[in-house]
Amino acid sequence: MAEIVRGPVSKARDARQRKLLFDPMPNRVEPCLALLASKPPAGDDWSYEVKWDGYRLAIHIDARTVRVLTRGGHDWTNRFPTIAGDALDLGLDSAILDGEAVVLDNRGASDFGALQQALGGRGGKRSAAGALLYAFDLLYLNGHDLRPLPCEERRKMLAGVIKPHTSIRFSEDVDADGDEFLAVACELGLEGIIAKRRDAPYRSGRGGEWRKIKCIQSEGFFIIGYEPSASALGGIGRLLLAAWKNNRLTYVGGVGTGFTDRSATALRKQLDALQIDKPALKLARKGVRWVSPSLVAEIDFRGWTTDQKLRHASYKVLRDVADAANVFRLDDL
């Protein structure tokens, strides 16, 4: 299969031979999502990678054109011009690469805040010409749908098509015990690791073939209101947060730390523009200014209480509207 997909045509096809059947190229593929786990799965059936902290992107290459799609399906080709240009330079007739766009700090670790700043902040329109793409899967190549193939085989093909010294890099497997790798990742200040079943096909959604194990848990939650405070930064005493459960919003607690004066002041202005008279879900609280659940905050936290509320939560950053699909689902716990 790999030779058929990757090998160049060296001579004209003999008319007596059967025509090769080509798979139609999907216009968009819902991404495979990693299931949150408390510890790495063990055994030779699993491979391990660094968990990159950036924007999930799908790179579609077709007939010398390229599209860069976010996880939510937004076309951000013009916002990642270097990645788009280097994708064309791979010299592929058609392909879909799955990966994470990142900006690295001086230690070589992904820095989501720096990426968001490069893009002009939440809702910004700037391009991140210096961003890198760490590609970790190959879904389609030169007329063939690779999703039914084992993960290990797809990744071997991916490694074979990526060129050195470009903005597109291969997210390497780490040959180590999962627990030991997680410990090292946490010591280095990384977000965590990803474990993948070597023999699994590529399935959209959160089926468990991929697992994410975080050093500090961090997820996206809707802001549904805030408690004003004259003494707090930006006038925000506490944000009230919600997640999905059974396709409905459910309250998961609040967060009152992690703000800077600048971030809190900017957030307060956005929240005041979204005020509504009643909460977006059934919740009785006094002194709360309710807002439409359209802003998604990335929150660091240490775990969950028995009644599914956040423990030791800290505000991190606002997610962009193009990534708003990344709101935590309590069904995944």
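Student: Where is the place of His165?

Tutor: Happy to start there. This is a predicted model, in which local features need pLDDT of at least 70, side-chain atom pairs count only at pLDDT 80 or more, and totals for chains, interfaces and linings use all residues. Residues are numbered from 1 along each chain as its sequence is written, and side-chain values use heavy atoms, with hydrogens and water left out. Helices (H or I, at least four residues) and strands (E, at least two) are DSSP runs numbered from the N terminus, and His165 sits in the loop between H4 and S8.

Student: Is His165 buried or exposed?

Tutor: Buried means under 20% relative accessible area, exposed over 50%, and partly exposed in between (1.4 Å probe, protein chains only). His165 has a positive phi near 65° although it is a residue other than glycine. Because its relative accessibility is 82%, His165 counts as exposed.

Student: Which loop holds Asn247?

Tutor: Asn247 is not a glycine, yet its phi is positive at about 65°. With a relative accessible area of 60%, Asn247 is exposed. Its place is the loop between strand S12 (236-245) and strand S13 (248-255).

Student: Which residues of helix H5 are buried, and why are they on the same side?

Tutor: Helix H5 spans residues 178-187, and its buried residues are Gly178, Phe181, Leu182 and Ala185. They lie on the same side of H5 because they cover an arc of only 100° around the axis (the arc is that of the directions from the helix axis to the C-beta atoms). On the other side of H5, the exposed residues are Glu180 and Glu187. So the same side of H5, within that arc of 100°, holds Gly178, Phe181, Leu182 and Ala185.

Student: Which strands do the buried residues of H5 pack against?

Tutor: Contact here means heavy atoms within 4.5 Å. The buried residues of H5 pack against strand S2 (46-50), strand S9 (192-197) and strand S10 (210-214).

Student: Which residues have the most contacts inside the largest nonpolar core?

Tutor: A nonpolar core is a set of buried Ala, Val, Leu, Ile, Met, Phe, Trp, Tyr and Cys residues joined through side-chain atoms within 4.5 Å. The largest one has 36 residues, and the elements giving two or more residues to this core include strand S3 (55-62) and helix H2 (81-88). Those with the most contacts inside it are Ile59, Ile61, Phe80, Leu97 and Ile168.

Student: Which backbone oxygen does the side chain of Gln116 reach?

Tutor: Gln116 is found in helix H3 and counts as buried, at 7% relative accessibility. A polar contact is a pair of N or O atoms within 3.5 Å; within protein, one must be able to donate a hydrogen and the other to accept it, and residues adjacent in sequence count only if both atoms are side-chain atoms. At 2.5 Å, the side chain of Gln116 reaches the backbone oxygen of Leu318.

Student: Which element gives the most to the lining of the largest cavity?

Tutor: On a 1 Å grid over the protein atoms alone, a cavity is a set of points where a 1.4 Å probe fits but cannot get out, and lining residues have an atom within 4 Å of a point. Residues lining the largest cavity include Arg28, Arg56, Asp98 and Tyr202. Two or more lining residues come from each of S3 and S4. With three residues, the element that gives the most is S3.

Definitions and conventions. 1 Å grid on protein atoms, 1.4 Å probe; cavity = no way out; pocket = protein on both sides within 12 Å on 5 of 7 lines; lining within 4 Å.
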